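Trainee: Could we go through this structure together, taking one question at a time?

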Amino acid sequence: MRTGISFLFLLFAMLAVTAANAQNTGKATAQAATEDKVWIPGKAVPVAEYYEGGQEAMYQAIYKELQYPMLAKRNRVQGDCIISFTLNPDGSTTNFKVLRNAGAGTGEEALRVAKLLKFKAPGYGVDASIPIMFKL
């Protein structure tokens with residue numbers, strides 16, 4: 001009887017260790033998948049060619065810095081915000097405006113992140129707009 005109970009105990013312990021190991025491995029791969037996944041618009045954003053690394057690098061920088069507003073999280077607000085600005089000949093940016101706002105503070109956050117972007121000097125002025133997606 002004792003050997004049967006000890007055998008069941010060992011079997012249960014092995015099963016628990018295996019399940020915990022599989023769960024930790026699943027979390028690591030899921031976390032790596034979410035870090036690499038960045039929303040990029042279907043159409044090319046023309047101003048992205050003046051960003052170091054192109055459009056993909058620009059959106060990775062945007063979503064690295066983006067913080068979902070608490071009010072938008074609480075009210076489950078999702079959607080895209082479009083930010084318009086002027087890229088000056090020397091690479092500086094001015095005249096920021098929120099063209100489309102999803103609401104609940106998302107427009108202000110998109111504006112804050114867009115102001116952080118640094119572009120290469122195009123040599124002439126460019127009026128640009130970039131979409132920023134907020135998705136829970």
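Mentor: Let us begin with Tyr63, which counts as partly exposed because its relative accessibility is 21%, where buried means under 20% relative accessible area, exposed over 50% and partly exposed in between, with a 1.4 Å probe and protein chains only. The model is predicted, so local features need pLDDT of at least 70 and side-chain atom pairs count only at pLDDT 80 or more, while totals for chains, interfaces and linings use all residues. Residues are numbered from 1 along each chain as its sequence is written, and side-chain values use heavy atoms, with hydrogens and water left out.

Trainee: How are the rings of Tyr68 and Phe134 arranged as a pair?

Mentor: Rings of Phe, Tyr and Trp (its six-membered ring) pair if their centres lie within 6.5 Å, and planes under 30 degrees apart count as stacked, over 60 as edge-to-face and the rest as tilted. The ring centres of Tyr68 and Phe134 are 5.5 Å apart and their planes meet at 80°, so the pair is edge-to-face.

Trainee: What separation in sequence does the pair of Tyr68 and Phe134 tie together?

Mentor: Helices (H or I, at least four residues) and strands (E, at least two) are DSSP runs, numbered from the N terminus. Tyr68 lies in the loop between H2 and helix H3 (70-74), whereas Phe134 lies in strand E3, so the pair ties together parts of the chain that are apart in sequence by 66 residues.

Trainee: How many aromatic pairs does a search of the whole structure find, and how is the pair of Tyr59 and Tyr63 classed?

Mentor: The search of the whole structure finds six aromatic pairs. The rings of Tyr59 and Tyr63 have their centres 6.3 Å apart and their planes at 25°, so this pair is stacked.

Trainee: What separates Tyr59 and Tyr63 in helix H2?

Mentor: Tyr59 is buried, with a relative accessible area of 0%. Because the two tyrosines are four residues apart in helix H2, the separation of Tyr59 and Tyr63 is about one helical turn.

Trainee: Which residues does Ile62 touch, not counting residues up to four places away in sequence?

Mentor: Ile62 lies in helix H2 (residues 54-65) and counts as buried because its relative accessibility is 0%. With contact meaning heavy atoms within 4.5 Å, and residues up to four places away in sequence not counted, Ile62 touches Val113, Leu117, Ile130 and Ile132.

Trainee: What is the C-alpha separation of Gly105 and Tyr68?

Mentor: Gly105 lies in the loop between strand E2 (93-100) and H4, and its relative accessibility of 26% makes Gly105 partly exposed. Gly105 and Tyr68 are 37 residues apart along the chain, and their C-alpha atoms are separated by 8.7 Å.
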